[in-house]
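Please look over the sequence and the structure shown here before reading the report.

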Amino acid sequence: MAGPGSRSRSGRRGRTVKLVVTGPFDAGKTTFIRTISEITVLSTERDVSPDQADRGSGRTTVAMDFGRITVDDDLALYLFGTPGQARFEFMWDILAEGMLGFVLMVDASRADALSEARRIRDHFTAQADVPYVVAVNKLDGDPGPVLEAVRSALELPDEVPVVAVDARDREDVKAALLTFLRVVRDWLRSRTSGPAPQAARTGETG
Ligand SMILES: Nc1nc2c(ncn2[C@@H]2O[C@H](COP(=O)(O)OP(=O)(O)OP(=O)(O)O)[C@@H](O)[C@H]2O)c(=O)[nH]1
Ligand SMILES: [Mg+2]
């Protein structure tokens with residue numbers, strides 16, 4: 001494992017970074033982490049209350065999910081899933097501590113979850129100035145208009161990608177994480193002060 005202070009298979013010292021997966025109740029946060037984690041996900045789930053028992057799996061996260069995915073010899077992501085229910089939101093700030101950024105999951109089948117998604121996004125961006133990606137799931141039909149509607153409802157800046165995912169599909173989750181890493185790279189570049197590197201000035205792209 002390429003954890004802090006450990007060495008990867010190549011003998012190089014790897015970095016681990018923390019990524020938070022958040023979003024409204026029942027969006028698919030736990031599923032997203034379970035789909036991609038290379039270790040058994042540590043989850044803290046309980047049965048949902050009887051008035052919500054008809055929703056989803058009947059289980060809800062009360063504290064956190066924890067998983068890990070190795071990107072390469074130099075980088076591993078620690079994935080922290082938040083609870084979706086507002087009564088457990090005291091966990092949000094604990095989980096946000098030291099995060100590189102976050103994935104905001106939005107369930108396309110629930111229009112009423114958009115305002116909650118927006119509230120959660122605002123909470124996390126207020127906690128830390130970090131990049132994020134919006135992952136829209138439970139799509140039915142052409143995703144294009146739905147992704148645009150989510151972008152507009154959340155008033156997303158251009159640099160924030162909105163991607164369609166099925167949180168149960170490993171390739172989809174992998175693609176969403178790669179999008180996240182690209183956004184992090186761009187975000188870090190945009191904040192690196194100093195003169196433009198030679199390659200940029202001569203028109204090369206990297
Ligand atoms: N169709 C579809 N179902 C999904 C997807 N992701 C999750 N689900 C289902 O949605 C339900 C809720 O998934 P969870 O992963 O428990 O959602 P969560 O966001 O962790 O829920 P809380 O912890 O209660 O906030 C389960 O029945 C999942 O099987 C998806 O991308 N597509
Ligand atoms: Mg959960």
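The report below treats a predicted model, and takes up a helix, a metal site and the nonpolar cores in turn.

## Helix α4

Helix α4 spans residues 143–153, and within this helix Leu147, Val150 and Arg151 are buried. These three cover an arc of only 100° around the axis, which means that they sit on the same side of α4. The face turned away from that buried side carries Pro145 and Ser152, which are exposed. Among the elements that cover the buried residues of α4 are strand β5 (101–107), helix α3 (113–127), β6 (132–137) and β7 (162–164).

At the N-terminal end, α4 is capped by Asp142, which has a side-chain oxygen 3.0 Å from the backbone nitrogen of Gly144. After the helix comes Glu155, with a positive phi near 50°.

## The magnesium site

The magnesium ion (ligand 2) is coordinated by the OG1 atoms of Thr30 and Thr61, at 2.0 to 2.1 Å. Because Thr30 belongs to helix α1 (residues 29–36) and Thr61 to strand β3 (residues 59–72), the pair ties together parts that are 31 residues apart in sequence. Both Thr30 and Thr61 are buried.

## The nonpolar cores

The largest nonpolar core has 27 residues, of which Phe102, Leu104, Phe124 and Val134 touch the most other members. At least two residues of this core come from each of β3, β4 (75–81), α2 (90–96), β5, α3, β6 and α4, and the largest share, four residues, is supplied by α2.

Leaving aside residues up to four places away in sequence, Val134 touches several residues, including Leu104, Val150, Leu156 and Val162. A second, separate core has 26 residues, among them Ile36, Leu79, Val103 and Ala135.

Technical notes. Residues are numbered from 1 along each chain as its sequence is written. Chains are lettered from A and ligands numbered from 1 in the order in which they are written. This is a predicted model: local features need pLDDT of at least 70, side-chain atom pairs count only at pLDDT 80 or more; totals for chains, interfaces and linings use all residues. Side-chain values use heavy atoms; hydrogens and water are left out. Buried means under 20% relative accessible area, exposed over 50%, partly exposed in between (1.4 Å probe, protein chains only). The arc is that of the directions from the helix axis to the C-beta atoms. Contact means heavy atoms within 4.5 Å. A polar contact is a pair of N or O atoms within 3.5 Å; within protein, one must be able to donate a hydrogen and the other to accept it, and residues adjacent in sequence count only if both atoms are side-chain atoms. Donors are N, O and S atoms within 2.8 Å of the metal (3.2 Å for Na, K and Ca); water is not among the atoms, so sites may look incomplete. A nonpolar core is a set of buried Ala, Val, Leu, Ile, Met, Phe, Trp, Tyr and Cys residues joined through side-chain atoms within 4.5 Å.
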